[in-house]
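Hello,

I am handing over the structure below, and my notes on it follow. Please have a look at it first, then read on.

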Amino acid sequence: MRTGTVYLVGAGPGDPKLLTVRGQELLRRADVVVYDHLVSPRLLTVCSPHAKLVYVGKEADRHAARQQAINRLLVREARAGRTVVRLKGGDPFVFGRGGEEALALARAKVAYEVVPGVTSAIGVPAYAGIPVTHRKLSSSFAVITGHEDPTKTGSSIRWRQLATSCDTLICLMGVSKLPSIVTRLIRHGRDRSTPCAVIEWGTSPTQRTLTGTLQTIVGLAKRAAIQPPATLVVGNVVALRRQLNWFEARPLFGKRILVTRASDKADTFADQLEALGAEVEQLPAIELGPVRQNGLLREAITGFPRPDWVFFTSPEGIGWFARILRAARQDLRWLSGCHIGAIGSKTAAAIEERGLHVDFVPKQFSQEGILEGFPRRVLRGKRALILCAEESRDVLVQGLRGRGCEVKKLPIYRTLVPRALATGITTLFERPFDYVTVTSASCVEHLYAALKAAASADRFRRLRFASIGPVTSSHVRAHGGRVMVEANPSTIEGLVQAVLKRVK
Ligand code: SAH
């Protein structure tokens, strides 16, 4: 059997998007992933469902025996022919014992590669608006470990030289030893008024930054109860933060927002909120699934005389319709000769992506909007087919019938309650949300039902909802909920803008 390779991969300092392209590619391919405490769990979502994920715990607990066990594990898995990713916080060769792991692999003659990562020593200050060098302020920086007790005799850190010979000092693993580190630097000649920063959970949406001087930083960190992981930066470059604090200044920074739409669609929405600085949690409250009576459905499609107009009421509709046609050994050519209406711009885009032209999109993206915007006389004596969710409202059906149109409503998928909703409700809601976003009536109904089942229906009334439009809002209010934000237009972009406007 061929032996596998061990990849020592840097995961970056926290923000999952700071993983390298090479790192992501290897995570996708890995049979085994051995990861640390400080690695973002989000990174592991790209792993294959068959990959074995092995958590090897906190850096602080890592004594020699545990480290040896990790080394042995890497060797064993590689010898069994597996592709192993050893995923380490920041850069694998900056503290964190990456060098020791590589040596163990080299000794065992196991093939390995190193994939550097963004080290917290540079990445964390960068997210706090602190460049580690600057032409006028600093032309050198040093990265030191604070884990080593600076008062112990035989310390391998030469504090006397270090204190004054480098412009910027960056200290990792230094939270518990902060007082003695600072004392040492001052004693060995670093000016007490040197600017300092301590950054906790840097590059994450909960990043906290304190600034002061060598004189004041210990007291500040104590009062703020700074916890690991945190990075200490000492040097005049810290002063630049006043002008360069880009990350914490983003409009949604510090806001915790829940995204409840179906997970396949959630990404772009979550991405937009995150790009604006929000801490986003995802808890899909709906999931789409096939309707039950597929045989009848096929018959309904093939048996119904070709309609003059076909309406789609969600971006998913066209995909489900194509699936149903396929099952009946047909395809989208079934629509040839029909006019196509879409409830909104995203629905239209999904249809046009498949090479079909959309003839009508209302100004207001709802069933009411279609009725309002559609030329009154066009449908008299004509046939219309509405392809929608099983739970879809009858507003359009009734409205079109009232205009003398022969209407058939055909549910082509249904909304289900995802299994993970019940557990997510109990864990995610332990910390308050600034906004709970709801993007459809079923989202609201499922969320309410799940909270009720968990005996916390009154919590629903305390939530601050951000709703995609009037219909969704009315469902929130029907259960006594508060709508703090309503999108206009009723699109995801509209909702993002509405939240932004509210926080400004
Ligand atoms: N190899 C890692 C460092 C491992 S030592 C790297 O290159 O980043 C772990 C220390 O890194 C922590 O004690 C802390 O000082 C620092 N650190 C890691 N992640 C951090 C974060 N998100 N915010 C602040 N400091 C962090």
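Let me start with the ligand: the shell of residues around it divides into 10 nonpolar, 6 polar and 1 charged. In that count Ala, Val, Leu, Ile, Met, Phe, Trp, Tyr, Cys and Pro are nonpolar, Asp, Glu, Lys and Arg are charged, and the others, Gly among them, are polar.

Before going further, please keep in mind that this is a predicted model, in which local features need pLDDT of at least 70 and side-chain atom pairs count only at pLDDT 80 or more, while totals for chains, interfaces and linings use all residues. Residues are numbered from 1 along each chain as its sequence is written, and side-chain values use heavy atoms, with hydrogens and water left out.

**The ligand site**

The ligand is surrounded by 17 residues, and the closest are Val94, Thr119, Ser120, Met173 and Ala230. Serine 120 places a polar side-chain atom 2.5 Å from an oxygen atom of the ligand. From methionine 173, a polar backbone atom is 2.7 Å from a ligand oxygen, and a polar backbone atom of proline 13 is 2.9 Å from a ligand nitrogen. On its own the ligand exposes 540 Å², of which the protein buries 94% (areas by the Shrake-Rupley method with a 1.4 Å probe). Helix H4 (120-127) and strand E10 (230-234) are the elements that give two or more residues to this shell. Helices (H or I, at least four residues) and strands (E, at least two) are DSSP runs, numbered from the N terminus.

**Domains**

How is the chain divided? The assignment gives domain 1 (5-118), domain 2 (122-244), domain 3 (256-286 + 417-503) and domain 4 (290-416), with bounds from an automatic or database domain assignment. The ligand shell draws at least three residues from each of domain 1 and domain 2. The centres of domain 1 and domain 4, taken over C-alpha atoms, are separated by 50 Å.

**Two open sheets**

Strand E2 (residues 32-35) runs parallel to E3, joined by 4 bridges, and valine 33 stands opposite leucine 53 in E3.

Strand E14 (residues 309-312) and strand E16 (residues 383-389) pair in the parallel sense over 4 bridges, with valine 310 opposite leucine 385 in E16.

**Backbone details**

Which peptide bonds are worth a look? The one from proline 228 to proline 229 is cis, with omega near 0 degrees, and proline 229 is in the loop between helix H7 (217-223) and E10. Asparagine 488 and proline 489 are also joined by a cis peptide bond, with omega about 5 degrees; proline 489 lies in the loop between strand E20 (482-486) and helix H19 (492-503). Finally, threonine 203 has a positive phi of about 70 degrees although it is not a glycine, and its place is in the loop between strand E8 (195-200) and strand E9 (208-213).

Best wishes

Methods: Pairing = 2+ DSSP bridges. Near = heavy atom within 4 Å. Polar contact = N/O pair within 3.5 Å; in protein donor to acceptor, adjacent residues only side chain to side chain.
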